Amino acid sequence: MYILNGIVYGGEPMNPVKVLKIKVLPDKIMLLTFSNGETRLFDATILEGEVFNPLNNEDVFSSAVIDHGIVTWANGEIDCAPEYMYQNSYSYQVVA
């Protein structure tokens, strides 16, 4: 737990990260490169709630773009915090 600007947060503080690069893979998987240099796999099936329902359409999901370090869909109507994507993704080794 930590306090920032008078607000108590659960968990540990995290340095801000941005998404620099995305590659959409089959089955709602994304390969994301973050501003800290890490490349990670994100399984977007964990995105729940009515706002994310359009992502079940493959055309909508594959139209992901980066806007100021945030992954967005549907012309910015849907987005996901890069910190959430980082914390809920898996380490991935890029083979050169």
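Figure 1. The model is predicted; local features need pLDDT of at least 70 and side-chain atom pairs count only at pLDDT 80 or more, whereas totals for chains, interfaces and linings use all residues. Residues are numbered from 1 along each chain as its sequence is written, and side-chain values use heavy atoms, with hydrogens and water left out. Strands (E, at least two residues) and helices (H or I, at least four) are DSSP runs numbered from the N terminus. E6 and E7 run antiparallel and are joined by three bridges; two strands count as paired if DSSP finds at least two bridges between them. Both belong to an open sheet of three strands in the order E6-E7-E8, with antiparallel pairing. Its edge strands are E6 (65-67) and E8, each of which pairs on one side only. From one strand to the next, the twist averages 40°, as an angle between N-to-C directions on a scale from 0 to 180 degrees, with axes fitted to C-alpha atoms (for helices, over the stretch in contact).

Figure 2. Thr 72 counts as buried because its relative accessibility is 6%; buried means under 20% relative accessible area, exposed over 50% and partly exposed in between (1.4 Å probe, protein chains only). Beyond its neighbours within four places in sequence, Thr 72 is in contact with Ser 63, Ala 64, Val 65, Asp 67, Ile 78 and Asp 79. Contact here means heavy atoms within 4.5 Å.

**Figure 3. The four-stranded open sheet, ordered E3-E4-E5-E9.** Pairing in this sheet is antiparallel, and its edge strands, E3 (19-25) and E9 (89-91), each pair on one side only. Neighbouring strands are turned by 30° against each other on average, direction ignored. E3 and E4 pair over six bridges in the antiparallel sense, with Leu 32 in E4 as the bridge partner of Ile 22. E4 also pairs with E5 (residues 39-43), over five bridges in the antiparallel sense; at this pairing, Thr 33 stands opposite Thr 39 in E5. Five of the six residues of E4 are buried, leaving the strand mostly covered.

**Figure 4. Two hairpins that share strand E4.** The hairpin of E3 and E4 has three residues between its strands, and Asp 27 takes a positive phi near 60° there. In the hairpin of E4 and E5, four residues lie between the strands, and Gly 37 takes a positive phi near 95°.

**Figure 5. The salt bridge of Arg 40 and Glu 38.** The side chains meet at 3.1 Å, N to O. A salt bridge is defined as a side-chain nitrogen of Lys or Arg within 4 Å of a carboxyl oxygen of Asp or Glu, and by this rule the count comes to one. Arg 40 is buried, with a relative accessible area of 12%, whereas Glu 38 is partly exposed, at 28%. Side chains of opposite charge can pair when their charged atoms come close.

**Figure 6. The largest nonpolar core, a set of 18 residues.** A nonpolar core is a set of buried Ala, Val, Leu, Ile, Met, Phe, Trp, Tyr and Cys residues joined through side-chain atoms within 4.5 Å. Met 30, Leu 32, Leu 47, Val 71, Trp 73 and Met 85 touch the most other members. Two or more core residues come from each of strand E4 (29-34), strand E7 (70-73), strand E8 (78-80) and helix H2 (82-87). E4 supplies the largest share, three residues. With its neighbours within four places in sequence set aside, Leu 47 is in contact with Phe 42, Phe 52, Leu 55, Trp 73, Cys 80 and Tyr 84. In soluble globular proteins, nonpolar side chains tend to be buried together.

**Figure 7. The whole protein chain, with two helices and nine strands.** From the N terminus on, its elements run β-β-β-β-β-α-β-β-β-α-β. Of the 96 residues, 28% are buried. Among contacts between residues at least 6 apart in sequence, 43% join residues at least 24 apart. The accessible surface comes to about 6600 Å², of which 52% belongs to carbon and sulfur atoms; accessible areas come from the Shrake-Rupley method with a 1.4 Å probe, and for residues only the protein chains shown count as cover.
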